[in-house]
Amino acid sequence: MKTEDLIAVLAADTAPQSTTGERMLRCLPIALMVTLIAVVALWRVRPDFATAMVSPALYKTIVPSVLALAALWLAHGMTRPESRMRARWALIGVLLAAWVVAFVLVLNSAGFSGLISALDTPNLLVCFVSIPILSALPLAAVFWAMKSGAPANPRSAGVAAGLLSGTIAAAVYSLHCPEDALLFFLPAYGIGVLIMAVVGGLLGPRLLRW
Amino acid sequence: MSAEPSWEELMRAANRGEQRAYARLLQAITPVVRGIVRARGGALGPEGCEDVVQDVLLTIHVKRQSWREDAPFRPWLYAVTRHKVIDAFRARGRRIDLPVDDFIEVLAAPAGPDPFEAQDMDRVIDELEPRAAQIVRAIGIDGETAADTGARLGMSEGAVRVALHRALKSIAQLRERMIE
């Protein structure tokens, strides 16, 4: 087939396509709702839910939600082939660095013994298992939306998708989690989100290639 | 508006369904894409190069929504071209380094008349179901409109368009598989 013939074929197909943003708007709210329902129905919200949600313990929901918004901005931008999205990566980097600095400061004042006792609870394992499980649907939704885009680097686009799904899952899981200590939240949730970033980075080259 | 619409204007019109603007844009960018491919892939021969050019055009078509209407078109075009050219070379067993900055120099490459016949596309079209292949060839090679094709095949114009849209998606996937 001649190239001019191909052009004629392509030009005849001007059916509108949905953008990555439109796809995200379509499927992410659904994934979030189903994940919320799963936590309420299967995990159950924490016993003191009503009081916890108006106490400082709310930070466990707010911090991952803020990160999720930054990751959403990044993941959306990563589907444009002409940009490396440096500013958006920088924002994520600053937020994650703040997370690490906070952990170091808290660890410094409480010491390793404080860390060990904060993590010495069956809730640690529940957290490590729950965040990846709750991430599954948001991750599938994000990958489906990003598949319509053209990420210059599918691996880092996958990392962004993993960060987004992990932070969504962390925010939702916090409604169940009864551990409010920073020495629990920072390492346990941090590792949960990190696992998802790695999973996203491993899946990206396979699912987002074009 | 200037006498010669910019690529951005043409692409925005294309996104609103204006086929003539879209055809004009594709015709305008093809020599640029060809220039880049030839500058990098002389070893593939003219035919091999044209296969890659068609790959790039198909990808531009399938991914056109990833261009944001308020962004300049050229950086997007170069990024997509670069990605596909690297892919095409990888598929043919060689790695190349392709900094986007170099593209500006090769843009002056001659467009040339268009006797460019590529082989891969025909092989892929043969793999489509017969009706879809028939529609793609009728519109491409015979220059029929969707309405003509529909009348001949006893389909509505809309059905022809839907079939064409699906066929192009399948072609993109089949080519992707060929590269792997």
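Visitor: Is the crossing of H2(A) and H6(A) right-handed or left-handed?
Guide: Bear in mind that this is a predicted model. H2(A) and H6(A), the latter covering residues 123-146, pack with their axes 8 Å apart. As for the hand of their crossing, it's right-handed.

Visitor: And are H2(A) and H6(A) roughly parallel or roughly antiparallel to each other?
Guide: The two helices pack at an angle of about 165°. Angles over 145 degrees count as roughly antiparallel. So H2(A) and H6(A) come out as roughly antiparallel.

Visitor: How many nonpolar residues does the contact of H2(A) with H6(A) have?
Guide: On the H2(A) side you'll find, among others, Met24(A), Leu28(A), Val39(A) and Trp43(A). Facing them from H6(A) are residues including Leu134(A), Leu137(A), Val142(A) and Trp144(A). By class, the contact has 1 charged residue, 3 polar ones and, for the nonpolar count, 17.

Visitor: Let's look at the loops. Is Arg44(A) buried or exposed?
Guide: Arg44(A) sits in the loop between H2 and H3 (49-52) of chain A. Its phi is near 75°, which is positive even though the residue isn't a glycine. It has 11 C-beta neighbours inside 10 Å, and the cut-off is 12 or fewer, so Arg44(A) counts as exposed.

Visitor: What about Met85(A), buried or exposed?
Guide: Met85(A) is in the loop between H4 (59-77) and H5 (86-119) of chain A. This non-glycine residue also has a positive phi, near 60°. With 23 other C-beta atoms within 10 Å, against a threshold of 20 or more, Met85(A) is therefore buried.

Visitor: Which class does Gln17(A) fall into: buried, exposed or partly exposed?
Guide: You'll find Gln17(A) in the loop between H1 (3-12) and H2 (20-43) of chain A. Its C-alpha atom is 45 Å from that of Ser55(A), 38 residues apart along the chain. Gln17(A) has 18 C-beta neighbours inside 10 Å, so it counts as partly exposed.

Visitor: Zooming out, what share of the residues of chain A count as buried?
Guide: Chain A has 8 helices and 0 strands, and its C-alpha atoms fill a box of roughly 70 × 35 × 25 Å along the principal axes. Among its contacts with a separation of 6 or more, 88% come from residues 24 or more positions apart. Of the 210 residues in chain A, the buried share is 44%.

Visitor: How many residues of chain B are in contact with chain A?
Guide: Helices of chain B that each supply at least two residues to that side include H2 (19-41), H4 (73-91) and H9 (157-179). The side of chain B that touches chain A divides into 20 nonpolar, 13 polar and 7 charged residues. Chain A brings 27 residues to the contact, and chain B brings 40.

Visitor: Inside chain B, which element gives the most to the side of domain 1 that touches domain 2?
Guide: The domain assignment gives domain 1 as 1-117 and domain 2 as 119-180. In their contact, 9 residues of domain 1 meet 8 of domain 2, and the domain 1 side divides into 3 nonpolar, 2 polar and 4 charged. The elements giving two or more residues to that side are H3 and H4 of chain B. The one giving the most, with 7 residues, is H3(B).

Note on methods. Residues numbered from 1 in each chain as written. Chains lettered and ligands numbered in written order. Predicted model: local features only at pLDDT ≥ 70, side-chain atom pairs only at ≥ 80, totals over all residues. Helix = DSSP H or I, 4+ residues; strand = E, 2+ residues; numbered from the N terminus. Axes fitted to C-alpha atoms, helices over the stretch in contact; angles between N-to-C directions. Parallel < 35°, antiparallel > 145°, perpendicular 65-115°, else oblique. Left-handed = near helix turned anticlockwise from the far one by under 90°. Contact = placed C-beta atoms within 7 Å. Nonpolar A, V, L, I, M, F, W, Y, C, P; charged D, E, K, R; others polar. Domains from an automatic or database assignment.
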